[in-house]
Amino acid sequence: MVMAAVLSENVSLEDFIACPADDMEWVDGQISEKNGMTAKHSLIQSKLDYSWRSYKISSGQGGEVYTEVPCRTDRRVRRPDVAYLTAELVAEYGDVPTLPQSPPLIAEIVSPTDIAEEIFLKAQEYLDSGCLEVWIVFPESRWIMIVTQTQKLSFNLGSIISTQLVLVGFSVAVDELLA
């Protein structure tokens, strides 16, 4: 997850959904640029993308893994760092410029400029908009939290982390993603 700098005001949600700008989110009628990404953030994003993508292929579950895909939440358009869509959702929404809901599995990577309360509010926003499972990755403290509607789990170095509800059977060593 990265902080967003407000760039413009009064852009309709419909206009933004039809043509989402790269590296931008639509928040409360304003287009905001995502910033604060570090090299470590980018590397973890790449490792998660690769891990989820490799597993969905080897397990035969299908679907797609995306980075920075625009998706509609209950009141905003967000760009999760990494997201997995099931094969059914890819068939239904694969060609739209902005997904009409949150993907079922999302990872947000915390940046040094992020504010803790905003991170957890964003995770809840995803869960309220169709997401089933959010991974919140803390690169500096080197732990990962999984949040669902019913549980919050945390994992640190030395742990094996597994998906809870989506991409069934996936697991990876936290060290592989964060060390």
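Guide: One definition to start. A residue is buried under 20% relative accessible area, exposed over 50%, and partly exposed in between, using a 1.4 Å probe and protein chains only. This is a predicted model, where local features need pLDDT of at least 70 and side-chain atom pairs count only at pLDDT 80 or more, while totals for chains, interfaces and linings use all residues. Numbering runs from 1 along each chain as its sequence is written, and side-chain values use heavy atoms, leaving out hydrogens and water.

Visitor: Okay, Arg 142. Buried, partly exposed or exposed?

Guide: Arg 142 is partly exposed, because its relative accessibility is 36%. Its place is the loop between β9 and β10. Those labels come from DSSP runs numbered from the N terminus: helices are H or I with at least four residues, strands are E with at least two.

Visitor: What is the phi of Arg 142?

Guide: Positive, about 60°, and Arg 142 is not a glycine. Most residues other than glycine have a negative phi. Glu 68 is another non-glycine with a positive phi, about 55°. That residue sits in the loop between β4 and β5. Glu 68 counts as buried, because its relative accessibility is 15%.

Visitor: Let's switch to helices. How many residues does α2 have?

Guide: α2 has 20 residues. From first C-alpha to last, α2 reaches 28 Å, close to the 28 Å expected at 1.5 Å a residue. The expected span is 1.5 Å times one less than the number of residues. After α2 comes Gly 60, with a positive phi near 75°.

Visitor: Which residues of α2 are buried?

Guide: His 41, Ile 44, Gln 45, Leu 48, Asp 49, Ser 51, Trp 52 and Lys 56. They lie on the same side of α2, because they cover an arc of only 165° around the axis. That arc is taken from the directions from the helix axis to the C-beta atoms. An α-helix has 3.6 residues a turn, so residues three or four places apart point the same way.

Visitor: And what is on the other side of α2?

Guide: Ala 39, Tyr 50, Ile 57 and Ser 58 are exposed there.

Visitor: What covers the buried residues of α2?

Guide: The cover includes β4, β7, β8, β9, β13 and α5. Contact here means heavy atoms within 4.5 Å. Take Val 65, which lies in strand β4. Val 65 touches Asp 49, Trp 52, Arg 53 and Lys 56, among others, not counting residues up to four places away in sequence. Val 65 is buried, with a relative accessible area of 4%.

Visitor: Now the largest nonpolar core. Which members touch the most others?

Guide: Leu 48, Trp 52, Trp 135, Ile 144 and Ile 161, out of 22 residues. A nonpolar core is a set of buried Ala, Val, Leu, Ile, Met, Phe, Trp, Tyr and Cys residues joined through side-chain atoms within 4.5 Å. α2, β7, β8, β9, β10 and α5 each supply at least two residues of this core. Leaving aside neighbours within four places in sequence, Leu 48 is in contact with Val 82, Ala 107, Trp 135, Val 137 and Leu 177. A second, separate core has 19 residues, including Val 69, Leu 99, Tyr 126 and Cys 131.

Visitor: What about α4? What do its buried residues pack against?

Guide: They pack against β2, β5, β6, β8, β9 and β10. The buried residues of α4 are Ile 119, Lys 122, Ala 123, Glu 125, Tyr 126 and Leu 127.

Visitor: Last one: the second largest pocket. Which residues are the closest to its centre?

Guide: Val 110, Ser 111, Phe 138, Pro 139 and Glu 140, of the 14 residues that line the pocket. α4 gives the most to that lining, with 3 residues. A pocket is an open set of points on a 1 Å grid over the protein atoms alone, where a 1.4 Å probe fits, with protein on both sides within 12 Å along at least five of seven lines; lining residues have an atom within 4 Å of a point.
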